[in-house]
Amino acid sequence: MSVLLKTRVTAIGPEVADLAESGVVILFADGSPPELAEVSVLHKTEIGPSDGAPEKGASITLGPVSAVITAVGSSAWSKVLEMGHVVISFNGATEAERPGEICASQVDTQALVAALKTDAIITIAA
């Protein structure tokens, strides 16, 4: 498996748990504006991001929580490359509703909330 992105969580916004309970995680690179940081998981990249976007079937792990990517929006990976930003929806959708969204298989949302901690590792691999 090749790692397309490996990043470490540096901070969790106060509204992140509410979003994660509905299966949505918003990533933003360190240094994002404060109003975005409130709803975001801030992170610092350790590997990548790769030039090529992940495809359906790639894996995404957030700490101990694993899922399979089911759809990638048309501009999702370019936003990751430009500013470390992406919306990950653990909804199992086969088509992304928004261009900046990556969809993944459904997960236990309580486990997802619990996994969102400072120093957690998020990896996308193919």
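**Reading a predicted chain**

Guide: This is a predicted model. Read along the sequence, its chain runs β-α-β-α-β-β-β-α-β-β-α-β.

Visitor: How many helices and strands does the secondary structure come to?

Guide: It comes to 4 helices and 8 strands.

Visitor: Why is Asp119 called partly exposed?

Guide: Its relative accessibility is 49%. Buried means under 20% and exposed means over 50%, with partly exposed in between. The value of 49% falls in between, so Asp119 counts as partly exposed. Asp119 sits in the loop between α4 (109–115) and β8 (121–125).

Visitor: What is the phi of Asp119?

Guide: Phi of Asp119 is near 80°, a positive value in a residue other than glycine.

Visitor: What is the omega of the peptide bond from Gly48 to Pro49?

Guide: Omega is near 5°, and the bond is cis. Pro49 belongs to the loop between β3 (41–47) and β4 (59–62).

Visitor: What share of the residues in the chain is buried?

Guide: Buried residues are 44% of the 126. The chain exposes about 6000 Å², of which carbon and sulfur atoms supply 54%.

Visitor: Among contacts between residues at least 6 apart in sequence, what share joins residues at least 24 apart?

Guide: That share is 71%.

Definitions and conventions
Residues numbered from 1 in each chain as written. Predicted model: local features only at pLDDT ≥ 70, side-chain atom pairs only at ≥ 80, totals over all residues. Heavy atoms only, no water. Helix = DSSP H or I, 4+ residues; strand = E, 2+ residues; numbered from the N terminus. Buried < 20%, exposed > 50% of the residue type's maximum accessible area, 1.4 Å probe, protein only. Contact = heavy atoms within 4.5 Å. Areas by Shrake-Rupley, 256 points an atom, 1.4 Å probe, with all protein chains shown as cover.
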